[in-house]
Amino acid sequence: MPFPRVLAVDSGAGHAACAVFTTAKSGRLVLEKFIVDAFNPDPTLDDQWPGMIAQSLASMAQREKLSGPASLALPGNHALTKFIKTPSIEKSKRDKIIAFEAQQNIPYDLAEVMWDHVVVDDNGVDMEVLLTAVKTEVVEGLCGAVSSAGMSPTVIQPSCVTLQRAFRYNYPEQTAPVLVVGIGARSTNLLYVEGDRYFARTISLAGNSVTQPIAEALGQDFSAAERLKIQVLAGEVDLPESSPARAAVLAAVTGFVGRLHLEITRSTVNYRRQSGGEAPTKIFLTGGGSMLPELAPSLAEKLKTPVQTLDVLRNVDVKADDAAAHAAILADLVGLAVPLAKGDHPLNLLPASIGDAQAFQRRQPWLIAAAAMVVVALALPGLHYQSVATAAQKQVRVVEQAIRPLQALKSRNAENEEQLAAARREIDALHDLVETKSNWINFFSDLQERLVSVDDVWLEKLEVMRPTTPTDTPPPAAGGLFGGVAPTPDDENAAPPPPPPLRLNVTGRLLDRANPVSRVSQDSYNRVKSLLTSFVDSSYIKAVENERFDANAPGVLRFDFILVVNPEQPL
């Protein structure tokens, strides 16, 4: 009996790895195949990274006959992750609020990145959301590398997400707060897990942070220093204790451990301050950089917390050779293979264009077969119907002569119907004007309620930004700002285009009572931000644009923005 198959691909900064997983009858993951290929992690070769991934995957795919849909893990140095907290709202409105937060927190134009989100925790009052993004050019280059090896990328997830999925799968009984440290070549993931909640931070302190000081101390290039580091730490070379090379390696390791201890301490303090979480009771290490000798005991001594190696194969049945020897780099692969729990959001950074192209390719054989069947089905009957069509054409010419007077009558009827349609449009426009005459009063009432809920905030200006009208279009017949009868288009058979949405330019100020003679506090920014967010929920407002803030005046935060009026509730 076949079981679900997952082809997982780990595209690291210094290696590429592939694994094939299936699911046993008991529900446990089974690691059927595993293969890894290391390459130069020199950060100066970053522009060659997709090519090195493509070369490694092509070699592995050919040796192990790997192909088909693949799930990809994105290394932390290419993925942006941001945890935000917003008020808890119903699911139907979440996407709009989270899109607004993404614009504020992702430091790139959203058109230049692929981004997604997942709700980490929702207690009914506050909602914690993980935002993750990657530049489109990076993820398209990675997809191209995977596709060139005969695989079809279907899911792309950042390594911090795959790491937490691997941890929870292998340690379901762990409820006390823990810290999982995944050390790669270019980046390290600090994953705080506490019950059903988690928080992740990616730092640039990683394996290359050991190699670079060695290269500088010995005057070597990065590649030579990387080889020396591996040989010394693995005991593959016999260097005397006084050797400058051995001393440089050990000094680099000691410096790395000290810096990692400081980063963990600082990150833990920030995590507890932001989320109110507890300090970790245990630390788990994984990743290629976690194999540094004495790393675990040194961190345990400095942090006064038990430290152990993360067993990513704890709940995995292993059939692949040499998998256990490479367990340190298997966390992302295991995380990709863990099935989604019921109700989980499938976070995915795959570009929509690639997903659409793959869907078309899957349908293409069926479309070709259907087209061939249609051609065969029509070939023989076509010969018969050709002779029938010739006779029918003669009859058509006779009928056309008889119906010409009727066609003239039909033309006059069409003109009359168009006049009726124009009259109906004028009536509908007047009807809409009557129905919406009170919308301004209701809108100002709604606006007042939202200002009162914030306190110490007032508006100085509310200016209507009239939509521009093409020079060749006559003005409305009546109504001014509140609409009127739409002008008749040049093509009388075409419906008039919908008017552009109305925009309101709003300027206001917020008084910071706690700081009357100094710059306003962050709390004032948050209050204004809450006010702008609440406008999105108004039935009269479609969007908020061009938010700007001015804190130059002591004790007062000046702000201005543009409200886009909802066309379904016109003003």
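This is a predicted model: local features need pLDDT of at least 70, side-chain atom pairs count only at pLDDT 80 or more; totals for chains, interfaces and linings use all residues.
Local features required pLDDT of at least 70 and side-chain atom pairs pLDDT 80 or more, whereas totals for chains, interfaces and linings use all residues. Residues are numbered from 1 along each chain as its sequence is written, and side-chain values use heavy atoms, with hydrogens and water left out.

The protein chain contains 12 helices and 18 strands (DSSP runs of H or I with at least four residues, and of E with at least two, numbered from the N terminus). Of its 571 residues, 41% are buried (under 20% relative accessible area; exposed is over 50% and partly exposed in between, with a 1.4 Å probe and protein chains only).

Across the whole structure, 18 salt bridges were found (a side-chain nitrogen of Lys or Arg within 4 Å of a carboxyl oxygen of Asp or Glu). Glu545 pairs with Arg503, the closest N and O atoms lying 3.4 Å apart. Because Glu545 belongs to strand β17 (residues 541–550) and Arg503 to strand β16 (residues 503–511), this pair ties together parts 42 residues apart in sequence. Within helix α7 (residues 244–275), Glu263 and Arg266 are three residues apart, about one turn of the helix, and their side chains form a salt bridge of 2.7 Å, N to O. Arg266 is partly exposed, at 45% relative accessibility.

Asp109, Glu112, Glu137 and Glu140 form a negative surface patch (like charges joined within 9 Å, from residues with over 30% relative accessible area and no salt bridge). Glu140, located in helix α3 (residues 136–148), is partly exposed at 39% relative accessibility.

Key: Patches are made of residues with over 30% relative accessible area and no salt bridge: like charges are joined within 9 Å, nonpolar side chains (Val, Leu, Ile, Met, Phe, Trp, Tyr) within 5 Å. Accessible areas come from the Shrake-Rupley method with a 1.4 Å probe; for residues, only the protein chains shown count as cover. Lys and Arg count as positive and Asp and Glu as negative; His and the chain ends are not counted. The place of a charge is taken as NZ of Lys, CZ of Arg, CG of Asp or CD of Glu.
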